[in-house]
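Here is a short briefing on one protein model. Keep the sequence and the 3D view open as you read.

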Amino acid sequence: MSLHSIYRDVTKEVNLVDRFLISHIASEEPTIDAAGKQLLKAGGKRIRPAFVLLASKFGEADRDELIRVAASLELVHMASLVHDDVIDDAELRRGKPTVMQYFDEEVALYSGNYLFGEAIRLIGEVGKPELVQVMVHTMREICEGEIEQIYDQYDWEQSIKRYIKRIERKTAILIEASCHLGAIVANCSVADTKALRLFGRDIGLAFQIADDLLDFTANRTQLGKPVAEDLRHGHKTLPVFYGAEDAAFYESLSKIETMPTHEEVAPLLAFLQTSGALERTQRTVDLYIRRAINRLEPLPKSSAKRSLEEVARYVGKRKG
């Protein structure tokens, strides 16, 4: 099933979010304006705005406020991608040149900062302090998660518990916030808001683990960036944790202290392909997807609930 069909309940609103982004990403500073347009041109699945919109279906929301909140979440996501690309010295994002590659590192950093500021301005204008509190908490968690990832580079002894905590802060928090903010805007009940927020967290964890798996299974065209980049940058992701249970693999892994060549990591990749680590990682993704869908059990049956379940299954099976 395609995302287009999954979004059927919110297709109109997703299109409105896109139009809103085009009009609000503009800046009087020509370089920042061009950098923002470069990001939008690279596209994106708009999964986070879709979660905001679908979560709002369990209450009653003002459409203008909803579009503004959904757009602000996407701006935070876009800003974090820009900063990620600077940290990773990445040339491609979704198969297109990154802002850093198109301009330079300094422009990319300040463009990301500009997008963060614009996101806060937009959500602040809705006039609900709780929205701003959730957004600020989310941005702090993202920054702390990213810093943890920097310090954890090439630390092959770290625990799975630390990895899960890191991806919870770095990635899952934004999808959790999408569901949480959608519920707040729509004045959902406390119980429904909690169910949606926990659903978002589990989906966020599944999303990042699936992304970590794709780094080893997708080809460059599907991924829109080089494969095995996480391993080469010293990020110990779940497939590597599972692979490292093998003593010989761990011994080879522990020798990597700086950015290796693709040739140097080729034997590690070959091992992961045949060791069962990738299949085990997929089973872990499936576990989080099932847990997320179970979180929705207390919510009333509706088309929006079915859509959330379908998005969850899409996340578990995506190929790029």
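At what angle do helix H10 and helix H17 pack, and how far apart are their axes? The angle is about 20°, and the axes are 9 Å apart. This is a predicted model.

**Helices H10 and H17**

- Helix H10 covers residues 190-217, and helix H17 covers residues 303-317.
- Angles under 35 degrees count as roughly parallel. At about 20°, H10 and H17 are therefore roughly parallel to each other.
- The crossing in which H10 passes H17 is left-handed.
- Which residues meet where these two helices pack? From H10 come Leu 196, Phe 199, Ile 203, Ala 206, Phe 207 and Ala 210. From H17 come Leu 308, Ala 312 and Val 315.

**Helices H8 and H9**

- Helix H8 spans residues 129-152, and helix H9 spans residues 160-185.
- H8 and H9 pack with their axes 8 Å apart, at an angle of about 165°.
- Angles over 145 degrees count as roughly antiparallel. H8 and H9 are therefore roughly antiparallel to each other.
- H8 and H9 also make a left-handed crossing.

**Aromatic rings**

- How many aromatic pairs does the model hold? The rule for pairing is that ring centres lie within 6.5 Å. By this rule the count is four.
- Planes under 30 degrees apart count as stacked, and planes over 60 count as edge-to-face.

**Charges over rings**

- Arg 48 lies over the face of Phe 207, and the distance to the ring centre is 5.3 Å. Phe 207 is also one of the H10 residues that meet H17.
- Arg 280 has its charged end over the ring of Tyr 242. The distance to the centre of that ring is 3.8 Å.

**Glu 168**

- Glu 168 is in helix H9.
- Buried means under 20%.
- Glu 168 touches Ile 173, Arg 201 and Leu 205, leaving out residues up to four places away in sequence.
- Glu 74 is 94 residues from Glu 168 along the chain. Their C-alpha atoms are separated by 18 Å.

**Glu 141**

- Glu 141 is in helix H8.
- Glu 141 counts as buried, at 15% relative accessibility.
- Which residues does Glu 141 touch, not counting residues up to four places away in sequence? They are Arg 169 and Ile 173. Ile 173 is touched by Glu 168 as well.

**Thr 193**

- Thr 193 has its place in helix H10.
- Thr 193 counts as buried, with 13% relative accessibility.
- Beyond residues up to four places away in sequence, Thr 193 touches His 180, Ala 183 and Cys 188.

Notes: Residues are numbered from 1 along each chain as its sequence is written. This is a predicted model: local features need pLDDT of at least 70, side-chain atom pairs count only at pLDDT 80 or more; totals for chains, interfaces and linings use all residues. Side-chain values use heavy atoms; hydrogens and water are left out. Rings of Phe, Tyr and Trp (its six-membered ring) pair if their centres lie within 6.5 Å; planes under 30 degrees apart count as stacked, over 60 as edge-to-face and the rest as tilted. Helices (H or I, at least four residues) and strands (E, at least two) are DSSP runs, numbered from the N terminus. A charge sits over a ring if NZ of Lys or CZ of Arg is within 6 Å of the ring centre and within 35 degrees of the ring normal. Axes are lines fitted to C-alpha atoms, for helices over the stretch in contact, and angles run from 0 to 180 degrees between N-to-C directions. Angles under 35 degrees count as roughly parallel, over 145 as roughly antiparallel, 65 to 115 as roughly perpendicular and the rest as oblique. A crossing is left-handed if the near helix is turned anticlockwise from the far one by less than a right angle, and right-handed if clockwise. Contact means heavy atoms within 4.5 Å. Buried means under 20% relative accessible area, exposed over 50%, partly exposed in between (1.4 Å probe, protein chains only).
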